[in-house]
Amino acid sequence: MEVAPPLSSVHYCLMRNSGCNHLGKASPASVLAISSSSKNRGFRISFPSNTDSLKSCFSGADALGSLKRYRWRFSMPSTSSVSSDKSYRQYVVSIRNDHPQNADFPRSYSRKEKKPFKVPIVELRRAARERLKKRKDQPRRPPSAPKNGLVVKSLIPLAYDVFNARITLINNLKKLLKVVPVHACGWCDEIHVGPVGHPFKSCKGPTSSMRKGLHEWTNATVEDILPPVEAYHLYDRLGKRISHDERFSIPRIPAVVELCIQAGVEIPDLPTKRRRKPIIRIGKKEFVDADESELPDPVPEAPIIPMLTELPDSQMLAPSDDEERLLLAEETLQAWEKMRRGAKKLMRMYPVRVCGYCPEVHVGPTGHKAQNCGAHKHQQRNGQHGWQSAVLDDLIPPRFVWHVPNADGPPLQRELRSFYGKAPVVVEICVQAGANVPEQYKPTMRLDVGIPSDVREAEMVV
């Protein structure tokens with residue numbers, strides 16, 4: 001991430017711009033700092049009153065390489081200019097960076113702590129009161145898809161894209177694991193991407209006190225990189241809730257696959273009920289299906305987009321050269337972003353629930369009734385889950401790992417832990433394979449933080 005340039009350099013760049021020749025009359029003393037925070041920089045400068053010259057000036061300044069990643073905002077005060085020359089007026093220019101320079105790592109919640117709600121309870125109650133006020137003395141509108149039992153046709157191609165992106169991601173990760181070393185702890189869920197495992201004492205698994213928190217590293221698999229988040233497959237999305245006695249008779253599949261199936265993906269091995277007419281509500285929680293006998297029999301159609309299949313490990317071949325490895329890393333990173341971006345859009349229409357105490361996920365309007373929660377104090381809840389709205393990280397955990405600045409350099413040092421950054425494990429694998437770092441992950445990776453060469457140099461850092 002580029003650090004915002006100092007005010008003097010900004011003034012120098014504006015003076016050099018070909019469209020701002022008139023700035024030669026302005027003195028450096030006319031540049032006064034207003035703010036110098038990490039996300040907003042401001043300064044004052046005097047310009048001629050000619051609006052066209054101002055636009056041409058900053059249209060060229062916006063193309064400067066050091067200012068490309070910042071957003072310009074202009075404001076003209078109604079007060080008179082502070083300059084002695086009345087033909088000049090004073091403007092305020094703010095430079096804002098959308099991505100912070102450095103960001104804190106995602107918080108890890110303990111097993112005894114409940115997850116925060118996606119939307120605070122106070123906001124939910126306020127929104128409910130607003131909806132009641134708007135509905136007052138108005139006829140009730142029929143529910144729209146998918147609440148009426150139909151699928152959203154505009155999201156069906158997106159569901160196929162998410163399904164194929166997940167298959168592409170799994171197949172590419174199996175190939176990258178043959179050229180990029182990834183280690184997993186045999187006692188906890190910690191993983192590390194690099195030639196050797198990190199030396200940090202952060203293991204909380206069994207017998208960790210005997211090992212003084214040190215990890216025991218083994219070779220990682222795809223299941224370690226992409227944790228298997230499973231959910232019950234629903235034949236009828238609006239049907240009765242799954243009872244405790246049915247918990248073993250209903251198949252469990254990856255939650256992302258279940259979300260794609262409910263959004264319109266057709267898988268022969270996993271049938272689901274597709275309504276062609278909206279349901280008829282007879283109560284708040286009761287409904288009946290509309291009569292579809294007069295409709296013609298449904299004809300099985302081919303998938304809109306060809307569906308990919310997961311390949312076994314025996315058919316996976318490692319990249320032959322550096323160029324092929326780079327292309328594979330870029331494709332893997334695109335599949336990761338495509339899957340997360342598409343799943344986030346699907347979750348806006350198709351609700352996903354997560355337990356506030358354990359990682360259990362359910363794709364559907366209401367959670368199931370299986371009493372299999374084993375989180376902290378589950379005896380007080382009789383094993384029942386505390387369902388709440390899920391976020392994207394509940395459905396697709398990113399699994400943050402330590403970022404290795406140079407895989408060919410020295411390994412990470414325990415004393416310099418505060419200088420290292422973190423990134424999702426998929427992003428870290430692709431970066432070490434040669435892919436470019438996406439902008440949204442740079443704040444947590446701390447690419448602009450200088451790492452001391454030894455402990456003595458780190459103690460001198462202020």
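Reader: How many nonpolar, polar and charged residues are in the lining of the second largest pocket?

Author: Rolling a probe the size of a water molecule over the atoms shows where empty space is left. On a 1 Å grid over the protein atoms alone, a pocket is an open set of points where a 1.4 Å probe fits, with protein on both sides within 12 Å along at least five of seven lines, and lining residues have an atom within 4 Å of a point. Ala, Val, Leu, Ile, Met, Phe, Trp, Tyr, Cys and Pro count as nonpolar, Asp, Glu, Lys and Arg as charged, and the others, Gly among them, as polar. Here the lining has 23 nonpolar, seven polar and 14 charged residues.

This is a predicted model, in which local features need pLDDT of at least 70 and side-chain atom pairs count only at pLDDT 80 or more, while totals for chains, interfaces and linings use all residues. Residues are numbered from 1 along each chain as its sequence is written, and side-chain values use heavy atoms, with hydrogens and water left out.

Reader: Which residues lie nearest the centre of the second largest pocket?

Author: Of the 44 lining residues, Arg107, Ser108, Tyr109, Asp189 and Arg399 lie nearest the centre. The elements that give two or more residues to this lining are β14 (387-389), α8 (392-395) and β15 (400-402). Helices (H or I, at least four residues) and strands (E, at least two) are DSSP runs, numbered from the N terminus. The largest share, three residues, comes from β15.

Reader: At what angle do α7 and α9 pack?

Author: Two packed helices are described by the angle between their axes and the distance between the axes. Axes are lines fitted to C-alpha atoms, for helices over the stretch in contact, and angles run from 0 to 180 degrees between N-to-C directions. For α7 (residues 322-349) and α9 (residues 425-432) the angle is about 160°, and the axes are 9 Å apart. That makes α7 roughly antiparallel to α9, a label for angles over 145 degrees.

Reader: Which residues of α7 and α9 meet?

Author: Contact means heavy atoms within 4.5 Å. Ala329, Thr332, Leu333 and Trp336 of α7 meet Val426, Val427 and Cys430 of α9. By class, six residues of this contact are nonpolar, one is polar and none is charged.

Reader: How do α4 and α6 cross?

Author: The axes of α4 (residues 156-176) and α6 (residues 255-262) come within 9 Å and cross at roughly 155°. The two helices are therefore roughly antiparallel to each other. In this contact, Ala159, Val162, Phe163 and Arg166 of α4 meet Val256, Val257 and Cys260 of α6. The classes here are six nonpolar, no polar and one charged.

Reader: What is the angle between α4 and α7?

Author: Helices α4 and α7 pack at about 145°, with their axes 8 Å apart. Among the contact residues are Leu158 and Ala159 of α4, and Leu328 and Ala329 of α7. The contact divides into 14 nonpolar, four polar and six charged residues.

Reader: Where is proline 146?

Author: Proline 146 is in the loop between α3 (121-135) and α4. A cis peptide bond joins alanine 145 to proline 146, with omega about 5°.

Technical notes: Angles under 35 degrees count as roughly parallel, over 145 as roughly antiparallel, 65 to 115 as roughly perpendicular and the rest as oblique.
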